[in-house]
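Subject: Structure for your files

Hello,

Here is the structure I said I would send. My notes on what was found in it follow below.

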Amino acid sequence: DVPIKNIERELICPICKELFTHPLILPCQHSVCHKCVRELLMLNHEDSFDAGSECSMPGSPRSRVPSPSMERLDRLVRSGSISSPGWRRGSVTPRVTTIPCPGCQHDIDLGERGISMLFRNFTLESIVERYRQAARAAVAIMCNICKPPQQQEATKSCMDCKASYCNECFKLHHPWGTPKAQHEYVGPTTNFRPKVLMCPEHEMEKVNMYCEVCRRPVCHLCKLGGSHANHKVTTMSSAYKILKEKLAKSIHYLISKEDQVRTQITGLDLLISQTEENGQLAERQANEHFERLFETLQERKSEMLRSIEQSRNRRLDHLRAQVEEYQGMLENSGLVGYAQEVLKETDQSCFVQTAKQLHTRIQKATESLRTFHPSADPCFDEFVLDTSREETLLKEMCFGGVPDPPLIDLSSSKVYNEASICWRLSDDHLPTDHHVLEYRRWVQSPSQEDGEDSGVWRATDRVYGPSAVVCDLDPNSLYAFRVRSCRNSMFSPYSPEVTFHTPPAPSFGFLFSDKCGFSTERLILNKRRDTVENVAGMAFLLAADRVQTGSYIGLDYIIGDTGISQGRHYWAFKVEPYSYMVKVGVASDSKLLEWFHNPRDTSSPRYDHDSGHDSGSEDTCYELSQPFTLLTLGMGKLFIPKTSSSSSVSTANAPPGDPGNRVLPLPQRLGICLDYDACRVYFYDADTMRCLYERQVDCSGTMYPAFGLMGSGKVQLEEFITAKRLTF
């Protein structure tokens with residue numbers, strides 16, 4: 001066994017970072033403290049109120065989320081669930097039941113009943129209690145009956161009485177021959193959980209089944225007519241056995257790989273030390289590089305400042321000398337005063353001897369007055385630096401190296417007439433400036449010449465997000481895509497190339513019609529009208545007395561709200577694997593009127609030419625061109641009708657043991673192409689664009705996309721098919 005003290009990290013709530021207290025299991029299977037879920041709900045409630053209060057009447061009192069009463073809380077604790085914060089019916093405050101899961105970061109919708117729909121994680125709660133006891137080993141649990149100072153240490157805890165007893169008190173309160181003697185007791189504990197887990201939706205019912213779709217325990221009422229009516233369920237004992245075996249095998253596998261894990265831990269420790277050393281080395285090298293840059297800049301700065309100072313001193317000397325020279329031209333000072341004194345000389349020979357040189361100087365001074373020009377320029381424009389180029393270079397200095405290449409997300413990318421390509425970056429990537437998506441049409445052979453598109457990579461404009469849309473793709477063509485990131489003018493390597501096959505025809509946009517023949521009793525259509533679900537409700541039970549051997553409840557049909565009267569069109573959709581039986585294809589308006597106005601609740605399967613039964617009458621009729629074609633899907637399989645002279649079947653992925661290779665695995669996405677002018681319909685695997693089946697169809701009237709559901713089932717149209725209609 002693993003020491004209980006070694007698992008503390010698994011017992012910490014991701015929100016409060018403390019040991020779990022009354023942990024609740026979210027629909028995503030992560031556990032969170034009850035108080036933390038309440039605080040998240042209250043926080044979201046307050047945020048939504050603040051967002052909507054601007055539109056409310058001024059002065060309206062702010063409603064607060066009341067706490068559940070202790071009596072209500074205790075009752076729900078005994079039943080195995082916890083009540084959510086309540087809202088008054090008719091309150092103007094919006095009811096918020098969506099919280100972000102701190103474990104997977106997904107938004108979790110708790111539904112109408114909020115926290116009351118969540119199970120308490122009693123197993124985790126028991127483990128936390130054992131951990132607390134191990135952590136405080138010296139602190140004993142005392143008997144709840146003994147009174148101080150004679151209070152004894154508890155030796156047993158009764159799960160029915162929810163109390164701890166010493167040996168004497170236990171014997172006293174659980175005497176032999178009384179009902180209390182049959183109570184369940186365990187070792188001393190403070191964690192009393194209910195003996196039977198009750199359904200949080202139907203509080204008086206015990207959970208006895210496990211829903212494989214929602215991955216949670218349910219009661220028989222949940223399966224009979226509740227939210228799990230169309231879900232696949234199994235018995236609790238079977239789920240317990242399967243999950244326990246899986247968990248035990250997984251644990252055994254991990255234990256058997258302990259040496260490998262220790263080796264990997266050693267390798268990770270080595271990587272940690274190398275990361276620390278290399279990080280310190282990178283810091284030292286970065287410091288050295290910047291120090292050299294600083295030194296170079298400092299040298300250039302000193303040289304420039306020295307040149308400026310020398311030029312300034314030289315100019316000042318010239319200007320000051322010019323000032324002194326001009327001051328000498330003033331009367332009674334300098335040159336003028338000296339000349340006036342020379343004029344006083346009366347000896348002619350002495351005067352001539354001195355005046356000649358003086359006259360030359362006077363002439364120069366006179367000339368300088370006529371053509372005055374400063375001896376130095378006070379402007380230092382030659383020392384003004386333009387460092388814009390250097391600043392740009394410094395800003396573009398790359399410190400992160402070449403960015404890692406992104407990876408194109410195949411599950412999120414979709415290709416029709418337009419391609420929506422999504423990609424993701426590595427978890428530890430540095431921020432990038434932009435991305436460039438490139439694409440080309442795949443060249444089938446070297447001799448193929450299709451103009452500038454064939455084999456030539458074409459690039460989109462700069463993309464600043466994790467996705468891009470490429471328009472105007474050719475139908476029925478194979479395209480390759482790749483993407484790379486750019487940071488600081490450095491491009492990453494290209495991502496691995498991925499290929500997508502465009503549909504054979506332009507996409508046909510439509511939504512499910514809620515008017516023509518739509519059954520509101522068994523079909524549920526969402527508000528966007530892009531998803532339809534069949535629910536076996538009360539109407540199905542009321543019709544049960546008409547179900548006899550060899551008969552079945554009729555299909556519930558739903559069609560698209562737009563018809564086709566010419567050209568080639570393609571649409572795609574997804575059928576949930578748990579669907580019991582779904583028929584998909586096309587039907588004419590005349591055939592739809594016949595179906596909708598002649599209901600047959602107990603029809604023989606032989607009536608439908610595409611029922612999947614191998615009757616002789618079916619084979620005879622199937623050769624004829626009918627105004628409809630429906631392909632049968634169900635229980636994760638796709639059933640191909642019998643091959644005829646007017647149809648062709650692709651069976652590359654069919655099971656080798658299947659007679660006639662008529663049963664294929666259900667594709668994740670199915671596509672249908674109707675060529676109205678050629679009177680032919682094609683069924684495709686929408687992921688690989690491989691044609692699974694095709695046949696002739698009578699297109700004498702307006703053709704509609706048709707879907708038929710029986711039993712539990714769900715069909716969802718592709719977003720690209722519905723996007724054009726939803727924007728109108």
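Methionine 635 sits in the loop between strand S28 (628–634) and strand S29 (637–639). Helices here are DSSP runs of H or I with at least four residues, strands are runs of E with at least two, and both are numbered from the N terminus. Methionine 635 has a relative accessible area of 55% and is therefore exposed. The cut-offs are under 20% relative accessible area for buried and over 50% for exposed, with partly exposed in between (1.4 Å probe, protein chains only). The phi of methionine 635 is near 50°, which is positive although the residue is not a glycine. Most residues other than glycine have a negative phi.

Before going further: this is a predicted model, in which local features need pLDDT of at least 70 and side-chain atom pairs count only at pLDDT 80 or more, while totals for chains, interfaces and linings use all residues. Residues are numbered from 1 along each chain as its sequence is written, and side-chain values use heavy atoms, with hydrogens and water left out.

Aspartate 472 also has a positive phi, near 60°, and is a residue other than glycine. Its loop runs between strand S17 (467–470) and strand S18 (478–487). With a relative accessible area of 72%, aspartate 472 is exposed.

Overall counts

The protein has 14 helices and 36 strands. Of its 728 residues, 36% are buried. Contact means heavy atoms within 4.5 Å. Among contacts between residues at least 6 apart in sequence, 64% join residues at least 24 apart.

Three strands make an open, antiparallel sheet in the order S2-S1-S5. Two strands pair if DSSP finds at least two bridges between them. Strand S2 (31–33) and strand S5 (119–120) are at the edges with a single partner strand each, so one side of each has no neighbour in the sheet. Strand S1 (residues 23–25) is joined to S2 by 3 bridges in the antiparallel sense, and leucine 24 stands opposite valine 32 in S2.

Proline 27 is in the loop between S1 and S2. Its relative accessibility is 38%, so proline 27 counts as partly exposed. Leaving aside neighbours within four places in sequence, proline 27 contacts Ile108, Leu110, Leu118 and Arg215.

Strand S9 (residues 209–211) and S11 run antiparallel and are joined by 3 bridges; methionine 209 has threonine 235 in S11 as its bridge partner. Axes are lines fitted to C-alpha atoms, for helices over the stretch in contact, and angles run from 0 to 180 degrees between N-to-C directions.

Histidine 231 is in the loop between helix H5 (220–225) and strand S11 (233–235). Its relative accessible area is 14%, so histidine 231 is buried. Not counting residues up to four places away in sequence, histidine 231 touches Cys211, Val213, Cys214 and Lys223.

Helices H8 and H9

Helix H8 (residues 334–343) and helix H9 (residues 348–370) pack at about 150°, with axes 11 Å apart. H8 and H9 are therefore roughly antiparallel (over 145 degrees; under 35 is roughly parallel, 65 to 115 roughly perpendicular and the rest oblique). Residues of H8 in the contact include Leu335, Tyr338 and Val342, and those of H9 include Phe351, Leu358 and Arg361. By class, the contact of H8 with H9 has 9 nonpolar, 1 polar and 1 charged residues. Nonpolar covers Ala, Val, Leu, Ile, Met, Phe, Trp, Tyr, Cys and Pro, charged covers Asp, Glu, Lys and Arg, and the others, Gly among them, are polar.

Strand S36

S36 runs antiparallel to strand S22 (residues 531–534), with 4 bridges, and pairs antiparallel with strand S25 (residues 568–575) over 3 bridges. Valine 715 is the bridge partner of valine 532 and of valine 575.

Regards
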